[in-house]
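Subject: Structure handover

Hello,

Here is the structure for you to look over. My notes follow below it.

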Amino acid sequence: MSKMSKKKVVIGMSGGVDSSVAAWMLKEQGYEVVGLFMKNWEDDDDSEYCSTRQDWIDAASVADVIGVDIEAVNFAAEYKDRVFADFLREYQAGRTPNPDVLCNAEIKFKAFLDHAMHLGADLIATGHYARVRQNGTQFELLKALDHTKDQSYFLHRLNQAQLSKTLFPLGEIPKTEVRKIAEKLGLPNAAKKDSTGICFIGERPFREFLNRYLSYKPGPMKTPDGKVVGEHVGLSFYTLGQRKGIGVGGMKAYKNEDGSSDAWYVARKDIANNTLYIVQGHDHPWLLSSTLRADQASWIAGTPPAPRALSAKTRYRQADVACTVTPDGEANFSLQFEQAQWAVTPGQSAVLYDGDVCLGGGIIAGSDFSA
Ligand SMILES: Nc1ncnc2c1ncn2[C@@H]1O[C@H](COP(=O)(O)OP(=O)(O)OP(=O)(O)O)[C@@H](O)[C@H]1O
């Protein structure tokens, strides 16, 4: 690329290894690179759990080492309005949302994209593991080549306008290689741990955090035969498939022949009757669904796929499973699985794939037990 035609890319630099190496790669490829660090959460009295300050220091020192400009921007108000408010509404309604999905659609690829365009960017970039491919006039979202790190699940709500402006420099290289590059370059964060979990919760105790924001109403905890076996503290505080923290430790459990007993799992929330159902045994039929319904669908191509055999993930870090999709208008669809799926959880995303191509997805509204 000649100096005259250098394209300007604004890359989200989080202070983590991935976006640091991605920024370096773009510079190597001849782009004019500017880093942008976002602050999406105002520190509260729990600053012990908040790594924002350190992350900014890391991002700024990496920018210095690789020789790119960096600036910071505060999207805490946008995050609270567009992501956190929805997160609380979903929990209050008894579902288990995935705020990282909404954060991508509303903050990283909307507020951030708008801001980058104001800075004169031609393109934006992040350190996500995914790929964008142009196919005629269409932009496709593909899984990363390193399937073990693929993050397309979280990016499935991106649209054509967003994808047409986006670069994912790490889409074709394995994570192990990214760490090696960081070490070779002597980046100050080369050994930094990967971030885990929901960004604004970080390492803090989850139930305590939710407690501050949600009203909750205790109610009965029952087994499928309708027997009351305890009391739950509020439906919002449980998720389907949850095993720990149900509080039935002392309860008489059905014993196996060898005297052992199977663990208890949260299997169903009856919102109307404020009742939590728990079952014994990982493979209890109440934990298995052969169909699901999803709403708030978002399609990468802009329109729903024709009814057909595809594959899907109903949670991140799950192998793709064979299914048939049946769209119902633009915003709803149902999936029929070839094999029943475990703990299909309302609020999580159901994301559809045709091989490596991510077609989009929706929010799981409900599922049907296989038995
Ligand atoms: N605070 C932030 N400021 C700017 N960009 C961010 C920020 N947080 C995340 N991003 C961008 O979103 C990408 C994916 O975020 P995620 O939280 O999944 O990071 P990650 O896989 O741990 O990557 P990294 O090692 O870069 O933190 C990052 O690589 C980065 O480009």
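This is a predicted model: local features need pLDDT of at least 70, side-chain atom pairs count only at pLDDT 80 or more; totals for chains, interfaces and linings use all residues.

Start with strand β12. Strand β12 and strand β17 (residues 357–369) run antiparallel and are joined by 8 bridges. Within that pair, Ser298 sits opposite Gly361 of β17.

Next, the parallel sheet. Five strands build an open sheet, and the pairing is parallel. The order across it is β3-β2-β1-β4-β7. At the edges lie β3 (69–74) and β7 (166–167), each with pairing on one side only. Between β2 and β3 there are 6 bridges, and the two strands run parallel. Phe37 is the residue opposite Ala72 in β3.

Two helices pack on this sheet. Helix α1 touches β1 (8–12), β2, β4 (123–125) and β7. The direction of α1 makes about 170° with that of β1. Helix α4 (residues 99–118) touches β1, β2, β3, β4 and β7. The direction of α4 is at about 135° to that of β4.

There is also a mixed sheet. Its 4 strands form an open sheet in the order β9-β8-β11-β10. The edge positions go to β9 (228–232) and β10 (264–270), and each of them pairs on one side only. On average, neighbouring strands in this sheet are turned by 30° against each other, direction ignored. Strand β8 (residues 219–222) is joined to β9 by 4 bridges, and the two run antiparallel. In that pair, Lys222 stands across from Val228 of β9.

As background for all of these pairings: strands of a sheet pair through backbone hydrogen bonds, in either a parallel or an antiparallel manner.

Now the ligand. Which residues come nearest to the ligand? They are Gly12, Ser14, Asp18, Ser19 and Met38, out of 16 residues around the ligand. By type, the shell holds 5 nonpolar, 9 polar and 2 charged residues.

- Ser14: a polar side-chain atom lies 2.6 Å from a ligand oxygen atom.
- Asp18: a backbone N or O atom lies 2.9 Å from an oxygen atom of the ligand.
- Met13: a backbone N or O atom lies 3.5 Å from a nitrogen atom of the ligand.

How much of the ligand's accessible area does the protein cover? On its own the ligand has 580 Å² of accessible area, and the protein covers 83% of that. Two elements give two or more residues each to the shell: α1 (17–28) and β2 (32–39).

Best wishes

Conventions
Residues are numbered from 1 along each chain as its sequence is written. Side-chain values use heavy atoms; hydrogens and water are left out. A residue is near a molecule or strand if one of its heavy atoms lies within 4 Å of it. A polar contact is a pair of N or O atoms within 3.5 Å; within protein, one must be able to donate a hydrogen and the other to accept it, and residues adjacent in sequence count only if both atoms are side-chain atoms. Accessible areas come from the Shrake-Rupley method with a 1.4 Å probe; for residues, only the protein chains shown count as cover. Ala, Val, Leu, Ile, Met, Phe, Trp, Tyr, Cys and Pro count as nonpolar, Asp, Glu, Lys and Arg as charged, and the others, Gly among them, as polar. Two strands pair if DSSP finds at least two bridges between them. Contact means heavy atoms within 4.5 Å. Axes are lines fitted to C-alpha atoms, for helices over the stretch in contact, and angles run from 0 to 180 degrees between N-to-C directions.
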